[in-house]
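Okay, thanks everyone, I'll keep this short. Have a look at the structure on the screen, and then I'll take you through some helix packing and a couple of pockets.

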Amino acid sequence: MKFEPLFKSENNKLVKIESGEVCSTGKLHLIYGENISSAELPAGNEITAVLIKWSAVELQPGVYNEEFLAVLRDHLKLLEEHGKFAFIIPETVKELPDADTVQTYIDAMVHCARRIKDCTSVIGFAIPAELIAKDSDFGPDSYAQWFINEMNVKHGHYVYFADSAVIEANKLENALTESCLIAYRK
């Protein structure tokens, strides 16, 4: 299932393609994955940011929490029904010591994306802070680009986000301006 993109990145800002309107990513409606079933809809035009832990998606290597993913999908469909939009902020909550662990993590997030693929409310995913911390830039060999490449195999309409605080902490402001990542603040 392929969607035409509704949003694009322009100068690290989120822009609606149809109207050219710049959407604020400075004030987000934050929802924590563990509270998704009771989460309220955002006010006005606020973008929802859904923080999901790796452990909520993948119970053990290769075993996914389909119940959690169904609840996540239901909430994203509710946003869709109300003309609201969201992006997913994955959190590892554990170390990513080697390439195999990074691949397992990325595979879990790709599986998550596959389960919510029919939700037009999903704008995209944030690059996990733990991957940004491993990068010195966002070039073709970066961890951020690895994440994007894996996601784009089936989800080419997504745009990607980076937490401004994480960018600043890792001194990647110049790299951000040369990337297609959209800056946001939690």
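Before I list who touches whom: when I say two residues meet, I mean they have heavy atoms within 4.5 Å. And keep in mind that this is a predicted model.

So, helices. In general, you describe two packed helices by the angle between their axes and the distance between those axes. Let's do that for α2, which is residues 66–81, and α3, residues 99–115: the angle is about 50°, and the axes are 9 Å apart. That makes α2 oblique to α3. The crossing of this pair is right-handed.

Which residues in α2 and α3 actually meet? On the α2 side you've got Glu 66, Leu 69, Leu 72 and Arg 73, and on the α3 side His 111, Cys 112 and Arg 115. Sort that α2–α3 contact by class and you get three nonpolar residues, one polar and three charged.

Now stay on α3, and bring in α5, residues 143–152. Here the packing angle is about 40°, with 10 Å between the axes. α3 and α5 are therefore oblique to each other as well. α3 passes α5 in a right-handed crossing.

The contact list goes like this. From α3 we have Ala 99, Val 102, Gln 103, Ile 106, Asp 107, Met 109, Val 110 and Ala 113, and they meet Tyr 143, Trp 146, Phe 147, Glu 150 and Met 151 of α5. By class, the α3–α5 contact has 10 nonpolar residues, one polar and two charged.

Okay, pockets. How big is the largest one? Its volume comes out at about 180 Å³. There are 13 residues lining the largest pocket, and those nearest its centre are Lys 16, Cys 23, Asn 45, Glu 46 and Ile 47.

Around it sit Pro 5, Leu 6, Phe 7, Lys 16, Ile 17, Glu 18, Ser 19 and Phe 85. That lining has five nonpolar residues, one polar and two charged.

Definitions and conventions:
Residues are numbered from 1 along each chain as its sequence is written. This is a predicted model: local features need pLDDT of at least 70, side-chain atom pairs count only at pLDDT 80 or more; totals for chains, interfaces and linings use all residues. Side-chain values use heavy atoms; hydrogens and water are left out. Axes are lines fitted to C-alpha atoms, for helices over the stretch in contact, and angles run from 0 to 180 degrees between N-to-C directions. Helices (H or I, at least four residues) and strands (E, at least two) are DSSP runs, numbered from the N terminus. Angles under 35 degrees count as roughly parallel, over 145 as roughly antiparallel, 65 to 115 as roughly perpendicular and the rest as oblique. A crossing is left-handed if the near helix is turned anticlockwise from the far one by less than a right angle, and right-handed if clockwise. Ala, Val, Leu, Ile, Met, Phe, Trp, Tyr, Cys and Pro count as nonpolar, Asp, Glu, Lys and Arg as charged, and the others, Gly among them, as polar. On a 1 Å grid over the protein atoms alone, a cavity is a set of points where a 1.4 Å probe fits but cannot get out, and a pocket is an open set with protein on both sides within 12 Å along at least five of seven lines; lining residues have an atom within 4 Å of a point. Grid points are joined across faces, edges and corners, and a volume is the space filled by probe spheres set on the points.
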